[in-house]
Amino acid sequence: MSIKIGILGTSWIASQAAEALSNLDDYEITAVLGTSLDKAENFIKENFIKENFIKENKLNSIYKNCQPFENYAELLKSDIDCVYIALPNSLHYEFASQALEADKSAIVEKPIFSSVKEYKSLKKLADSKNLYLIEAMRSVYTKNHNIVRQFVHQSNCITGATIIWKNYSSKYNSYKKGQIVKVFLKSFSGGALADLGVYAISAAVDWF
């Protein structure tokens with residue numbers, strides 16, 4: 001029996017998640033939430049109608065069961081088991097809270113919340129309802145990361161570490177032009193530390 005997922009958001013990271021989930025037998029994407037119905041519908045078409053199915057005038061089976069939504073309350077009433085939240089950081093807590101209250105588990109993009117207080121509050125709620133609350137931090141589960149973890153835990157000679165994560169943000173050129181970029185705004189719980197620095201922090205916490 002497949003786990004039915006509702007995707008919240010239509011960004012590129014949501015597309016990556018949809019592609020990964022669509023390749024797994026145990027998961028089925030049955031709902032997508034967009035800021036408008038058109039955006040949700042376009043996301044479904046772009047991600048789940050594959051070229052070979054278009055030529056054969058058929059739809060990917062995952063698309064047949066996927067519904068677009070622009071109203072979150074209506075999505076939570078649909079037949080889903082879990083939501084994947086790919087929204088601006090400042091919205092993670094609100095949308096995860098509503099999901100858990102509706103007895104749906106939540107997978108939340110990194111960083112999971114804007115504060116430890118928010119995490120503890122919703123972790124307590126999830127545990128009380130026997131639901132899952134998971135941060136989508138894939139890097140800490142990779143093979144190389146685990147090799148380092150094993151080395152660190154077995155070593156008795158490490159006295160310190162410098163962990164650096166550097167990358168030129170795909171949004172930075174827009175930011176320099178004066179455009180509003182949510183991932184860099186404090187009001188959206190953004191900034192370099194939350195956007196990319198979280199990878200180095202997560203590694204440090206896990207290893208040490």
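The side chain of His92 has a polar atom that lies 2.8 Å from the backbone oxygen of Leu87. This distance, like every other value here, comes from a predicted model. His92 belongs to helix H6, which covers residues 92-101. Its relative accessibility is 0%, and because buried means under 20%, His92 counts as buried.

The surroundings of His92 can be described through its contacts. Leaving aside residues up to four places away in sequence, His92 touches Ile85, Leu87, Val108, Glu109, Lys110, Pro111, Ile112 and Phe113.

Val108 is found in strand S5, residues 105-109. With a relative accessible area of 0%, Val108 is buried. Again not counting residues up to four places away in sequence, Val108 touches Ile85, His92, Ala96, Leu133, Ile134, Glu135 and Ala136. Ile85 is 23 residues from Val108 in sequence, yet the C-alpha atoms of Val108 and Ile85 are 4.8 Å apart in space.

Helix H8 (residues 143-154) and helix H10 (residues 192-207) have axes that come within 9 Å and cross at roughly 40°. Because of this angle, H8 is oblique to H10. The crossing in which H8 passes H10 is right-handed. On the H8 side, the contact is made by His145, Val148, Arg149, Val152 and His153, and on the H10 side by Ala203, Asp206 and Trp207.

Notes:
Residues are numbered from 1 along each chain as its sequence is written. This is a predicted model: local features need pLDDT of at least 70, side-chain atom pairs count only at pLDDT 80 or more; totals for chains, interfaces and linings use all residues. Side-chain values use heavy atoms; hydrogens and water are left out. Axes are lines fitted to C-alpha atoms, for helices over the stretch in contact, and angles run from 0 to 180 degrees between N-to-C directions. Helices (H or I, at least four residues) and strands (E, at least two) are DSSP runs, numbered from the N terminus. Angles under 35 degrees count as roughly parallel, over 145 as roughly antiparallel, 65 to 115 as roughly perpendicular and the rest as oblique. A crossing is left-handed if the near helix is turned anticlockwise from the far one by less than a right angle, and right-handed if clockwise. Contact means heavy atoms within 4.5 Å. Buried means under 20% relative accessible area, exposed over 50%, partly exposed in between (1.4 Å probe, protein chains only). A polar contact is a pair of N or O atoms within 3.5 Å; within protein, one must be able to donate a hydrogen and the other to accept it, and residues adjacent in sequence count only if both atoms are side-chain atoms.
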